[in-house]
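Student: I would like to learn how to read this structure. Could you take me through it step by step?
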Amino acid sequence: MCLPITEDTSAIGDDCLGDPLSCPEEYTCQDMPGIVAQAQCEIICVEDCDCPEAHSCEKMSAKNGSWMQCNPD
């Protein structure tokens with residue numbers, strides 16, 4: 001049975017550049033390289049049921065590759 005990793009969406013998108021441990025325990029500090037270096041707290045998922053209510057597991061891409069994260073519907 002698949003359950004949401006967390007129901008807390010309050011830290012999605014929070015800046016964690018230079019401080020990857022600043023994200024809540026269920027989150028990942030996801031590096032998003034581009035013209036400007038960025039790192040944001042995200043909920044990394046495999047399928048929609050990993051995500052909180054009103055969020056879907058979506059593929060994201062950046063220069064360093066791709067990953068799946070929970071985004072608002």
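Student: How many bridges join β3 to strand β4, and in which sense do they run?

Tutor: Here is the general idea: two strands pair if DSSP finds at least two bridges between them. Strands are DSSP runs of E with at least two residues, and helices are runs of H or I with at least four, numbered from the N terminus. In this case, 8 bridges join β3 to β4 (residues 65–72), and the strands run antiparallel. A hairpin of 2 residues links β3 to β4.

Student: Is this an experimental model or a predicted one?

Tutor: This is a predicted model, in which local features need pLDDT of at least 70, side-chain atom pairs count only at pLDDT 80 or more, and totals for chains, interfaces and linings use all residues. Residues are numbered from 1 along each chain as its sequence is written, and side-chain values use heavy atoms, with hydrogens and water left out.

Student: What pairs with β1, and over how many bridges?

Tutor: β1 pairs with β2 in the antiparallel sense, over 4 bridges. There, cysteine 29 stands opposite cysteine 41 in β2.

Student: Are the faces of β2 covered or open?

Tutor: First, the general idea: buried means under 20% relative accessible area, exposed over 50%, and partly exposed in between (1.4 Å probe, protein chains only). In β2, both faces are covered: Ala39 and Cys41 are buried on one side, and Gln40 and Glu42 are buried on the other.

Student: Where is alanine 37, and is alanine 37 buried or exposed?

Tutor: Look in the loop between β1 and β2 for alanine 37. Its relative accessible area is 51%, so alanine 37 counts as exposed. Alanine 37 and leucine 17 are 20 residues apart along the chain, with 8.0 Å between their C-alpha atoms.

Student: What about the loop between β2 and β3?

Tutor: Alanine 54 lies in that loop between β2 and β3. Its phi is near 70 degrees, a positive value in a residue other than glycine. Alanine 54 is partly exposed, because its relative accessible area is 48%. Aspartate 48 is also placed in the loop between β2 (39–42) and β3 (55–62), and aspartate 48 is partly exposed at 46% relative accessible area.

Student: Which residues form the negative surface patch?

Tutor: In general, patches are made of residues with over 30% relative accessible area and no salt bridge: like charges are joined within 9 Å, and nonpolar side chains (Val, Leu, Ile, Met, Phe, Trp, Tyr) within 5 Å. A salt bridge is a side-chain nitrogen of Lys or Arg within 4 Å of a carboxyl oxygen of Asp or Glu. In this structure, the negative patch consists of Glu47, Asp48, Glu58 and Asp73.

Note on methods:
Areas by Shrake-Rupley, 256 points an atom, 1.4 Å probe, with all protein chains shown as cover. Lys, Arg positive; Asp, Glu negative; His and termini not counted. Charge placed at Lys NZ, Arg CZ, Asp CG, Glu CD.
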